Amino acid sequence: MRTPQGTALLDELRDHDPARELATATRLRRSHPAPLVSAALGQARLRQRAVAKFGAADAYRMFFTPDGVEQATRTSVATHRAERFARLGGVRSVADLCCGIGGDAIALARAGVSVLAVDRDPLTAQVARANAEALGLQDRIEVRCADVTEIDTTPYDAVFVDPARRGGRGRIFDPEAYSPPLSWATEAALKAPRAALKIAPGVPHEAVGPQAEAEWISDGGDVKEAVLWFGEGVEPGTFRATLLPSGATLTAAGPLPAPPVGPVGRYLYEPDGAVIRAHLVAAVVEECGGRLVDETIAYVTADEPYVSPYATGYEITDQLPFNMKKLKALLRERRVGVLTVKKRGSAVEPEELRRKMKLQGPNAATVFLTRVAGAPTMLVGQPMKRP
């Protein structure tokens, strides 16, 4: 793929339609070797998938493997982490262990940091090296194919570890089943002046040691990952939620007390997923002077409007016990043709509910399927207008 012939073929396939792949392959095989055409089509498909994570400008110059696209950190998140490393002060070099196809190494290099990128899989390491060269970063990124547990990280100012969290049967939820295990990664981090460990956002809070600062990161409202930070410049025991692209960050030093629970008010607030994962919903409750609708549900309610980057607000017009017929009648009366369905604590599938409502009309509404004081409840409302 890196030969002039392969490069020209990839450029030609940049905007190809996957639905016409058979016809495209047949045409190209008239003038190119069949193995080269197959490899180019495969790489073109991966590049199209990678645009969502890396952006078109980088994705169409980079090289990918199927696992590499799936597991790579998206650029916005990698850039946030790289910039935080740079802000810690004194970080001029980072050992990136389990580097994959090099997404984090690229972000670190662009932040002015020299990187040793290590992966034990020969093909993955080769792809990471090709990506560094394709983006003109080969002078800042050294790629090494090796077992990360055998790497001496003492010459580096910081360590970043991204353990493999997928196996032959899919996602791995036990941190000690990561490759390498979280315990090894934590030990490696504690030996470094500064370190960050990328972990699954669903990691149990009890798995976070007292020496770490834990950060949950969302991008565009979707929770992407959690990171454990160690060493100089971080706050051990702190839980943090960071929202991208704004960069808004909410912190608390340790677990917060349980927030109050009370009746549904005029406004309902849906905290960002990173806030929920970081167990910082109580901070939103305190900020808006509100309460939870149920002690087990992360919906916050208040009687006064509240605008915050950490929660999306809705004005509630109706509260109903869970009853499909009553909801259908209400939506028909309001002439609702577009219905957004959100749920917490309900087994009903949104698509199933929309189908049963047989929506008609020019208006839109949002319905929340949840529990209020333990009782299955439907809350109907509209998104609040931001100032």
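Lys 342 is partly exposed, with a relative accessible area of 22%; buried here means under 20%, exposed over 50% and partly exposed in between (1.4 Å probe, protein chains only). This is a predicted model, where local features need pLDDT of at least 70 and side-chain atom pairs 80 or more, while totals for chains, interfaces and linings use all residues. Residues count from 1 along each chain as its sequence is written, and side-chain values use heavy atoms, leaving out hydrogens and water.

Lys 342 pairs with Glu 270 in a salt bridge, closest N and O atoms 3.3 Å apart. Because Lys 342 sits in strand β16 (residues 336–343) and Glu 270 in strand β12 (residues 267–271), the pair ties together parts 72 residues apart in sequence. A salt bridge puts a side-chain nitrogen of Lys or Arg within 4 Å of a carboxyl oxygen of Asp or Glu; strands (E, at least two residues) and helices (H or I, at least four) are DSSP runs, numbered from the N terminus.

Glu 270 also meets Arg 344, at 3.9 Å, N to O. Another pair is Lys 198 with Glu 225, at 3.6 Å, linking strands β7 and β9. Those two also belong to a salt-bridge network with Arg 81, Asp 104 and Asp 162.

How buried are some of these partners?

| Residue | Relative accessible area |
|---|---|
| Lys 198 | 4% |
| Glu 225 | 2% |
| Glu 270 | 16% |

Elsewhere, helix α8 covers residues 122–134. Its buried residues include Thr 124, Val 127 and Asn 131. Just after α8, Gly 136 takes a positive phi of about 70°.

Terms used. Expected span 1.5 Å × (residues − 1).
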